[in-house]
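Please open the model in a viewer and keep the selection panel at hand. The stops below are arranged as a sequence of selections, each with a short account of what is found there.

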Amino acid sequence: MRDESQFFKGLGARIKRLREEAGESQEDMLTHGYSVRYWQKVEAGKPITLRTLLRICRIFSTPMCDVVRGLDRNPKTGSRRYR
């Protein structure tokens, strides 16, 4: 479970960076159908579905592989966490 938690925390940080790089606020996510509270949870590392991730990638015109690449690696050793 710890690895899963770390994965979603890293994913949330990347999603936050995408939003900020796009010049969008959390309030702007309302126009995409997300409440501010939900968006805050996503950026804080709340687990999301694949469908939600795909939708977020479409919003920011970013390939999903770029968003998740490397999140399965241990930051200390660089080795994969999931097999």
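Predicted model: local features only at pLDDT ≥ 70, side-chain atom pairs only at ≥ 80, totals over all residues.

**First stop: helix α3**

Select L54, which counts as partly exposed at 36% relative accessibility; buried means under 20% relative accessible area, exposed over 50%, and partly exposed in between, with a 1.4 Å probe and protein chains only. L54 belongs to helix α3. Its C-alpha atom is separated by 6.7 Å from that of M64, 10 residues apart along the chain.

Residues are numbered from 1 along each chain as its sequence is written, and side-chain values use heavy atoms, with hydrogens and water left out.

**The whole chain**

Display the chain as a cartoon. Its secondary structure comprises 4 helices and 0 strands, in the order α-α-α-α from the N terminus. Helices (H or I, at least four residues) and strands (E, at least two) are DSSP runs, numbered from the N terminus. The protein chain has 83 residues, of which 33% are buried. Its accessible surface comes to about 5,600 Å², with 51% belonging to carbon and sulfur atoms; the areas come from the Shrake-Rupley method with a 1.4 Å probe, and for residues only the protein chains shown count as cover. Among contacts (heavy atoms within 4.5 Å) with a separation of 6 or more, 52% join residues 24 or more positions apart.

Return to α3 and select T52, L53, I56 and C57, which are buried. Viewed down the axis of α3, its buried residues fall within an arc of 140°, so they line one face of the helix; the arc is that of the directions from the helix axis to the C-beta atoms. An α-helix has 3.6 residues a turn, so residues three or four places apart point the same way.

**The nonpolar core**

Which residues have the most contacts inside the largest nonpolar core? Select L11, I15, W39, I48 and I56: these are the ones, in a core of 16 residues. A nonpolar core is a set of buried Ala, Val, Leu, Ile, Met, Phe, Trp, Tyr and Cys residues joined through side-chain atoms within 4.5 Å. At least two residues of this core come from each of α1 (2–21), α2 (36–44) and α3, and α1 gives the most, with 5 residues. Centre the view on I15, which touches W39, V42, I48 and I56, residues up to four places away in sequence not being counted.

**Aromatic rings**

Now show the aromatic side chains. Rings of Phe, Tyr and Trp (its six-membered ring) pair if their centres lie within 6.5 Å; planes under 30 degrees apart count as stacked, over 60 as edge-to-face and the rest as tilted. By this rule there are 4 aromatic pairs. One of them is the edge-to-face pair of F7 and F8, at 5.2 Å centre to centre and 90° between the planes. F7 and F8 are both buried. The pair of Y34 and Y38 is stacked, because the ring centres are 5.8 Å apart and the planes lie at 10°. Y34 is buried, with a relative accessible area of 5%, while Y38 is partly exposed at 23%.

**The cysteines**

How many disulfides does the structure hold? There are 0, a disulfide being a pair of cysteine sulfur atoms within 2.5 Å. Select C57 and C65: the sulfur of C65 is the closest cysteine sulfur to that of C57, yet at 8.7 Å it is too far for a bond. C57 is buried, at 5% relative accessibility, whereas C65 is partly exposed, at 43%.

Move to S61, in the loop between α3 (50–59) and α4 (64–68). Its phi is near 50°, a positive value in a residue other than glycine. Most residues other than glycine have a negative phi. S61 is exposed, at 66% relative accessibility.

**Last stop: Q6**

Finally, select Q6 in helix α1. Q6 is partly exposed, with a relative accessible area of 33%. The C-alpha atoms of Q6 and D72 are separated by 8.8 Å, although these residues are 66 residues apart along the chain.
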